[in-house]
Amino acid sequence: MQSYTIGQAARLLGVSPDTARRWADAGKVATHRDDSGRRLIDGRDLAAFSIEVAQHGTGEDDASYTSARNAFPGIVTAVTLGDVAAQVEIQAGPHRLVSLLTREAVEELGLEVGMQATARVKSTSVHIDRT
């Protein structure tokens, strides 16, 4: 499973690294240390925390965020596979995006809960880039 540094988690959550560090220090999101002593957040834990932040806030001043060039970098929070189609949910800061795409596309991208991805929006279509 992919893990994220505090800085990477902050970018995915749409907050500053200091805010993400304070949340980790307060025990709002679990961290562990790698061999070099860096604090990391497990991808599944970050995915769950990003949903919680979006739905309930953090008890802090929750500012709204906008996308740049219609790109929403975030973390995959759900993947539902059908026989032919698939549904992928991404939490990008306070934004939850859902894309319907082919099962083959999801498998080729290797998308799974906890991994980083970017949703790109053009008109009514949402395209997913693995990052």
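Which residues touch the most other members of the largest nonpolar core? They are Leu46, Val76, Val88, Ile90 and Leu111, and the core holds 32 residues.

## Before you start

This is a predicted model, in which local features need pLDDT of at least 70 and side-chain atom pairs count only at pLDDT 80 or more, while totals for chains, interfaces and linings use all residues. Residues are numbered from 1 along each chain as its sequence is written, and side-chain values use heavy atoms, with hydrogens and water left out.

## The nonpolar core

Let's begin with that core. A nonpolar core here is a set of buried Ala, Val, Leu, Ile, Met, Phe, Trp, Tyr and Cys residues joined through side-chain atoms within 4.5 Å. Buried means under 20% relative accessible area, exposed means over 50%, and partly exposed lies in between (1.4 Å probe, protein chains only). In soluble globular proteins, nonpolar side chains tend to be buried together.

At least two residues of the 32-residue core come from each of helix 1 (6-13), helix 2, helix 3, strand 4 (71-81), strand 5 (85-92), strand 6 (95-102) and strand 7 (116-122). Helices (H or I, at least four residues) and strands (E, at least two) are DSSP runs, numbered from the N terminus. Helix 1 gives the largest share of the core, five residues. Domain 1 (1-54) and domain 2 (68-119) each contribute at least three residues to this core; the domain bounds come from an automatic or database domain assignment.

Leaving aside neighbours within four places in sequence, Leu111 is in contact (heavy atoms within 4.5 Å) with Val76, Val79, Val88, Val106, Ala117 and Ile128.

Two strands pair if DSSP finds at least two bridges between them. Strand 4 pairs with strand 5 in the antiparallel sense over six bridges, and the two form a hairpin with three residues between them. Val76 has Ile90 in strand 5 as its bridge partner, and both residues are also among those that touch the most other core members. Strand 4 is also joined to strand 7, through five bridges in an antiparallel arrangement; here Ala71 stands opposite Arg120.

Strand 5 and strand 6 run antiparallel and are joined by eight bridges. Their hairpin has two residues between the strands, and Gly93 in the turn has a positive phi of about 60 degrees. Within this pairing, Glu89 has Val98 in strand 6 as its bridge partner.

An open sheet of three strands has the order 1-3-2, with antiparallel pairing. Its edge strands are strand 1 (3-5) and strand 2 (32-33), each of which pairs on one side only. Strand 1 is joined to strand 3 (residues 39-42) by three bridges, and the bridge partner of Thr5 in strand 3 is Leu40.

## An aromatic pair

How many aromatic pairs does a search of the whole structure find? The search finds one. Trp23 and Phe49 form this pair, which is edge-to-face, at 5.3 Å centre to centre with 70 degrees between the planes. For such a pair, the ring centres of Phe, Tyr or Trp (its six-membered ring) lie within 6.5 Å; planes under 30 degrees apart count as stacked, over 60 as edge-to-face and the rest as tilted.

The pair links distant parts of the chain: Trp23 lies in helix 2 (residues 17-25) and Phe49 in helix 3 (residues 43-56), 26 residues apart. Trp23 counts as buried because its relative accessibility is 3%, and Phe49 is buried too, at 5%.

## Salt bridges

There are six salt bridges, each defined as a side-chain nitrogen of Lys or Arg within 4 Å of a carboxyl oxygen of Asp or Glu. One of them joins Arg38 and Asp34 at 2.9 Å, N to O. Arg38 is partly exposed, with a relative accessible area of 47%, and Asp34 is partly exposed at 21%.

Asp129 is partly exposed at 28% relative accessibility, and Arg120 is partly exposed at 37%.
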